[in-house]
Amino acid sequence: MPEIKVTPLGAGQDVGRSCILVSIAGKNVMLDCGMHMGYNDDRRFPDFSYITQNGRLTDFLDCVIISHFHLDHCGALPYFSEMVGYDGPIYMTHPTKAICPILLEDYRKITVDKKGETNFFTSQMIKDCMKKVVAVHLHQTVQVDEELEIKAYYAGHVLGAAMFQIKVGCESVVYTGDYNMTPDRHLGAAWIDKCRPDLLISESTYATTIRDSKRCRERDFLKKVHETVERGGKVLIPVFALGRAQELCILLETFWERMNLKAPIYFSTGLTEKANHYYKLFITWTNQKIRKTFVQRNMFEFKHIKAFDRAFADNPGPMVVFATPGMLHAGQSLQIFRKWAGNEKNMVIMPGYCVQGTVGHKILSGQRKLEMEGRQILEVKMQVEYMSFSAHADAKGIMQLIRQAEPRNVLLVHGEAKKMEFLKQKIEQEFHVSCFMPANGETTTILTNPCIPVDISLGLLKRETAIGPVPDAKKPKLMHGTLLMKDNSFRLVSPEQALKELGLAEHQLRFTCRVHIQDPRKEHETVLRVYNHLKG
Amino acid sequence: YRDLHTFELQAPTRLIEWARGNRVCVAGYGQSDGNEILQLIPPPTLLTKETQGLCPERDFKVECGGFSERPVYSLKYVPDTSLLVTSGPPDSSLQVWQVSAEDTDVIKSVSTISTEDGTGQSWAKIATISARAPWVLHGSRLDRVQITEVESRKNVYTAASRGSEELSNLTFLDCNTLLLCCVTGRLWLADIRQPQSLVEDMSVPSVPCSEQWCMGTRHAAQGLEPSSQPVVRLSSRGLLTLTDLRKTSELLALAKARVPSPGSGAEFLCVSWAPALEGYLAISGFDGTVHVYDTQSWDSFGREAEPIFVHKGHAFGGAGGSGDPPLVTAHTWHLQKPRTLLSASSDGSLHVWDWVQPCGKC
């Protein structure tokens with residue numbers, strides 16, 4: 001029976017790094033190549049030795065697909081392609097291709113420069129790796145080779161995140177990466193058509209959560225900012241150039257307008273340039289609202305938000321500043337942080353995950369005395385808050401996606417086995433499909449029932465429809481023909497045509513059978529009766 | 001508000017029950033099967049005493065869940081066991097479930113406690129206690145009240161029959177005393193050591209009987225007489241009565257809540273005492289709001305009472321315009337945090353809110 005084999009090399013049943021190997025109809029695809037952010041040694045990389053003990057990866061894998069730029073999905077890519085060795089194509093969406101190298105380089109800097117790691121990829125490796133990348137558009141069918149094709153679908157979650165459909169012949173797998181089914185201020189919701197894949201691979205990290213509403217999170221965020229500003233403090237919000245920054249800006253601008261607040265809000269210029277640049281490139285990836293406002297005015301022409309100048313950091317009085325980079329590990333945001341850290345009236349709000357080793361990570365873990373360059377100790381008296389607007393699908397979202405795509409089987413990654421039993425039952429009961437939850441390194445085999453398309457000759461069709469009543473579209477109809485298999489094509493033709501094509505003569509086989517009939521009547525009478533029976 | 005968190009459940013619930021370890025349980029009551037029973041872990045902000053502002057974990061987590069074929073109208077945990085009991089239409093039988101969060105996160109159906117059913121029985125109201133053994137008190141009508149041992153399903157006690165009125169609530173006041181409330185508002189006390197004893201409390205105000213009533217009781221602190229805590233009854237027209245069970249001939253207090261009339265029926269009427277605030281109670285079930293009252297200023301004249309706080313969140317939540325406005329189906333107080341409540345409504349929303357005591361004026 002044809003089958004699809006899935007082996008998670010990371011994810012499976014732990015959250016941390018995603019790297020899934022899929023074997024479909026003889027093709028091998030690697031989905032994501034993430035780094036585990038919690039480990040400092042080789043455990044952070046997926047276990048590639050599983051793929052092939054000997055033999056080159058490039059020969060074994062047909063392609064690598066990266067779903068989005070988060071490091072737990074692409075962090076190990078340069079290591080994989082340059083240090084382990086892979087020269088085949090790497091597919092990702094355009095925004096992912098643009099943003100990945102920046103994040104990878106940032107990450108490399110932190111790990112190597114700050115922490116002094118040696119077994120790590122270099123800047124050149126990142127560049128070489130990105131040269132192997134082929135960027136794809138949404139809903140564009142890309143032929144990897146004659147048989148394998150892939151297609152990207154919008155996934156929400158972050159800019160450029162995509163769900164991928166991998167198709168070989170009539171077997172297909174859909175990999176979701178991280179996705180979100182509810183739109184937020186700057187991204188739309190994930191969407192897929194009723195593609196009916198044999199298998200849907202979905203993340204289930206947040207499957208067991210019931211999320212607090214966005215309004216409440218936003219309200220709490222605004223409250224904190226407002227309180228700090230009211231008492232004369234300064235608020236620092238370190239952000240990455242794109243995505244959440246826009247959302248928070250829009251949020252603050254509206255709030256400032258409504259409450260008639262006077263404290264200045266600044267956006268560091270490096271940010272504005274980069275962000276504007278990216279937005280122009282990827283405007284189609286954001287949601288309707290953003291697109292409309294972008295058309296009407298420049299993204300960053302806010303009434304209350306102005307461009308930042310380094311000197312402003314020393315100005316007295318309250319203010320709010322958005323600055324990069326997002327983890328406080330270098331650059332402008334770190335500079336501002338150092339200036340403001342000593343005052344307890346000030347506040348820093350971290351908007352997302354921070355990698356180990358960064359100042360952001362340290363202060364979030366509660367450290368209040370930091371060692372800076374030159375052995376200087378910085379005492380952190382300012383308030384440290386954490387707020388995550390990151391969007392993942394919850395149980396409701398997963399059910400929605402399954403309903404949209406109508407897969408025949410579902411495979412869950414990124415969750416703990418014990419805690420996914422309920423979700424597994426839920427999916428199986430509601431959709432009557434099998435649900436799998438493999439562990440790292442465990443291979444799940446899914447049997448598929450592929451349809452093999454067969455061309456039927458017109459003559460045969462005509463003949464069959466002429467016999468008997470018009471066939472019911474919904475009921476299978478039995479018919480007779482000859483199946484000709486040549487190379488990879490299948491044709492159904494009438495026996496006469498088959499004979500002609502094959503240059504064979506028709507053989508006629510006559511069966512005779514001796515039957516004894518006991519009948520008292522005369523011989524020719526009995527024969528007549530039998531004959532009349534048969535005729536009638 | 002000091003704090004407000006809103007959540008959306010996949011299916012609306014009409015019960016919110018607290019379980020060991022600060023867990024919260026909700027369950028679906030839809031007509032089709034596939035109703036889910038969910039045991040949730042509240043976000044850390046709700047578990048600590050102080051309210052934190054921004055916190056990484058702000059979501060409820062589904063700790064375990066089960067599937068029920070019938071709608072779940074009532075659910076009670078059996079103390080000191082890993083079992084819970086549910087009831088719901090179409091009949092008055094009970095379903096017993098096992099919650100074992102160790103090796104699996106599925107709440108499994110274990111057994112059914114069936115009752116002899118007359119036709120047209122409505123669903124059973126339930127209460128549990130584990131004083132002598134795990135018991136469940138249940139019944140849909142006054143003449144069908146019994147106590148069953150949960151594990152063995154043996155009947156331990158049957159209350160004397162005093163009529164066939166439908167019950168709205170029942171509870172254990174202590175391990176020997178039962179309190180039953182009928183939809184007509186009549187209260188009955190029983191001592192299970194004396195099989196035929198069922199004493200009616202006479203203090204129902206004489207009002208037209210078209211109303212339906214429900215009651216709320218408060219668990220006394222250790223050592224206090226359970227019957228020293230007043231019992232509150234709420235009618236579908238908004239009347240609230242306070243009764244001291246030791247002096248059942250007269251009402252302690254009577255007040256009228258300002259509720260929309262005509263009421264939307266008594267299906268989701270709910271009244272409860274605050275466990276950590278003396279004299280405060282909350283009511284819901286009339287519309288999309290939850291009212292909080294301070295009963296200490298009440299007298300027996302039946303005047304209109306001013307709520308200390310009204311939670312209107314559910315009324316604003318719902319899908320704009322389509323269908324009926326959301327109706328609050330259940331509410332409950334947080335067991336430790338004095339001013340925190342949880343409320344659920346018919347549109348599937350679940351709110352957790354912490355109100356601020358208005359200062360000064362009253």
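This note goes through a predicted model, point by point.

1. Conventions. The model is predicted: local features need pLDDT of at least 70, side-chain atom pairs count only at pLDDT 80 or more, and totals for chains, interfaces and linings use all residues. Residues are numbered from 1 along each chain as its sequence is written, chains are lettered from A in the order in which they are written, and side-chain values use heavy atoms, with hydrogens and water left out.

2. Main core. The largest nonpolar core holds 95 residues. Such a core is a set of buried Ala, Val, Leu, Ile, Met, Phe, Trp, Tyr and Cys residues joined through side-chain atoms within 4.5 Å. Buried means under 20% relative accessible area, exposed over 50%, partly exposed in between (1.4 Å probe, protein chains only). Met30(A), Ile201(A) and Ile427(A) have the most contacts inside this core. Domain 1 (3–210 + 391–439) and domain 2 (214–386) of chain A both contribute residues, so the core lies between them. The domain bounds come from an automatic or database domain assignment.

3. Met30(A). Contact means heavy atoms within 4.5 Å. Neighbours within four places in sequence aside, the partners of Met30(A) include Cys19(A), Phe48(A), Leu61(A) and Phe80(A).

4. Helix pair. In chain A, the axes of H3 (residues 77–85) and H5 (residues 123–131) come within 9 Å and cross at roughly 90°. That makes H3(A) roughly perpendicular to H5(A) (angles of 65 to 115 degrees). Axes are lines fitted to C-alpha atoms over the stretch in contact, with angles from 0 to 180 degrees between N-to-C directions. Helices (H or I, at least four residues) and strands (E, at least two) are DSSP runs. Among the residues that meet are Leu77(A) and Met83(A) in H3(A), and Met125(A) and Cys129(A) in H5(A).

5. Positive phi. Two non-glycine residues deserve a look. Arg196(A) has a positive phi of about 50°. Arg196(A) sits in the loop between strands E10 (171–175) and E11 (199–203) of chain A. At 45% relative accessibility, it counts as partly exposed. For His432(A), phi is near 55°. His432(A) falls in the loop between helix H13 (417–431) and strand E22 (434–436) of chain A. At 70% relative accessibility, His432(A) counts as exposed.

6. Chain B. This chain has two helices and 29 strands. Of its 362 residues, 59% are buried. A cis peptide bond joins Pro89(B) and Pro90(B), with omega about 15°. Pro90(B) lies in the loop between strands E7 (83–87) and E8 (94–99) of chain B.

How values were computed: Angles under 35 degrees count as roughly parallel, over 145 as roughly antiparallel, 65 to 115 as roughly perpendicular and the rest as oblique.
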